[in-house]
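Let me put the structure up first and then jot down what I looked up.

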Amino acid sequence: MGNDVSMFSGNEKESSKKLENWKKDWKLNSKSVKEVLDMANGLKMNGGRITKENFVNFLTGRGTVDKALAERYFNAVDKDHSGTVDEDEMLEFYGTVYTDSNGSTIFGKGKQLKLKLSFKIARGDKDVIDAENLFQTILAKMNTNYRLNKKLDNLPTEPVPDFTEEARKKATEILAKADKDGDGALSLDELINANETNPYLVQDVVSFD
């Protein structure tokens, strides 16, 4: 695979085997694997690690991903809170994003894994998704979706409308309908339940951009 495995810390043979196992474990197709490898090369993920700065700069530099969302993605990927992401953390993240929601992996059902990752992205450093983190996540995704829909790739400075009021309203609506225990926050179980009963309600929280 040559340069395709440059993101890994092992030799080419070890890296190729690791990539094949990852593809098998997550039930990924060749197209998804290529997209992840292209992403890894763009992230300058050499020797199996990447810094937060490089991760965020790469995603925001393409002109579509909001900086706040890119930072949330990084913090969710960095499971050991080391300040850098290693190859195993990156593979788990992209395995979750790219696996089929209706399929199963050796780690569990795709849909459940995606919901757990969405919860982790939105909660920040809290145990639950509180009102402010919910609002900030929705706002960042609205900004990102606007850029994606307008195809503003490579235009990182292009302004977007102010979605603050709309995002705040959406966060309030979600808590009003999905916060079953009334504690002003969403637990993982509440997010899963809301996604089952009213997926449209929480689509701004559980979607990946």
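**Starting at Tyr94**

I began with Tyr94 and skipped its neighbours within four places in sequence: Tyr94 is in contact with Trp22, Val36 and Met39. Contact here means heavy atoms within 4.5 Å.

A note on what I'm looking at: this is a predicted model, where local features need pLDDT of at least 70, side-chain atom pairs count only at pLDDT 80 or more, and totals for chains, interfaces and linings use all residues. Residues are numbered from 1 along each chain as its sequence is written, and side-chain values use heavy atoms, with hydrogens and water left out.

**The whole chain**

I counted 10 helices and 6 strands in the protein chain; these are DSSP runs numbered from the N terminus, helices being H or I with at least four residues and strands E with at least two. Of the 209 residues, 44% count as buried. Buried is under 20% relative accessible area, exposed is over 50%, and partly exposed is in between, using a 1.4 Å probe and protein chains only. I also looked at contacts between residues at least 6 apart in sequence, and 59% of them join residues at least 24 apart.

**The cores**

Next I checked the nonpolar cores, meaning sets of buried Ala, Val, Leu, Ile, Met, Phe, Trp, Tyr and Cys residues joined through side-chain atoms within 4.5 Å. The largest has 29 residues, and the members touching the most others are Trp22, Phe55, Leu59, Tyr73, Met90 and Tyr94. At least two residues of this core come from each of α1, α2, α3 (52-61), α4 (67-77), α5 and α6 (110-123). α4 gives the largest share, 6 residues. Apart from this core lies another, of 23 residues, with Leu115, Leu134, Leu191 and Ala194 among them.

**Rings**

I looked for ring pairs of Phe, Tyr and Trp (its six-membered ring), with centres within 6.5 Å; planes under 30 degrees apart count as stacked, over 60 as edge-to-face, and the rest as tilted. That gave me 6 aromatic pairs. For Tyr73 and Phe93, the ring centres are 5.8 Å apart and the planes sit at 55 degrees, so I put the pair down as tilted. The pair links distant parts of the chain, with Tyr73 in helix α4 and Phe93 in helix α5, 20 residues apart. Both Tyr73 and Phe93 are buried. Tyr73, Phe93, Tyr94 and Tyr98 make one aromatic cluster.

**Helix α1**

Which residues of α1 are buried? I found Ser15, Ser16, Leu19 and Trp22. Seen down the axis of α1, these buried residues fall within an arc of 125 degrees, so they line one face of the helix; the arc is that of the directions from the helix axis to the C-beta atoms. On the face turned away from the buried side I noted the exposed residues Lys13, Lys17 and Lys24. The cover over the buried residues of α1 includes α2 (30-42) and α5 (87-98). After α1 comes Lys27, with a positive phi near 55 degrees.

**Helix α7**

My last stop was α7. Its buried residues include Asn133, Leu134, Phe135 and Arg147. They pack against α4, α6, β5 (129-130), α8 (164-178) and α10 (203-206). α7 is followed by Lys151, whose phi is positive, near 55 degrees.
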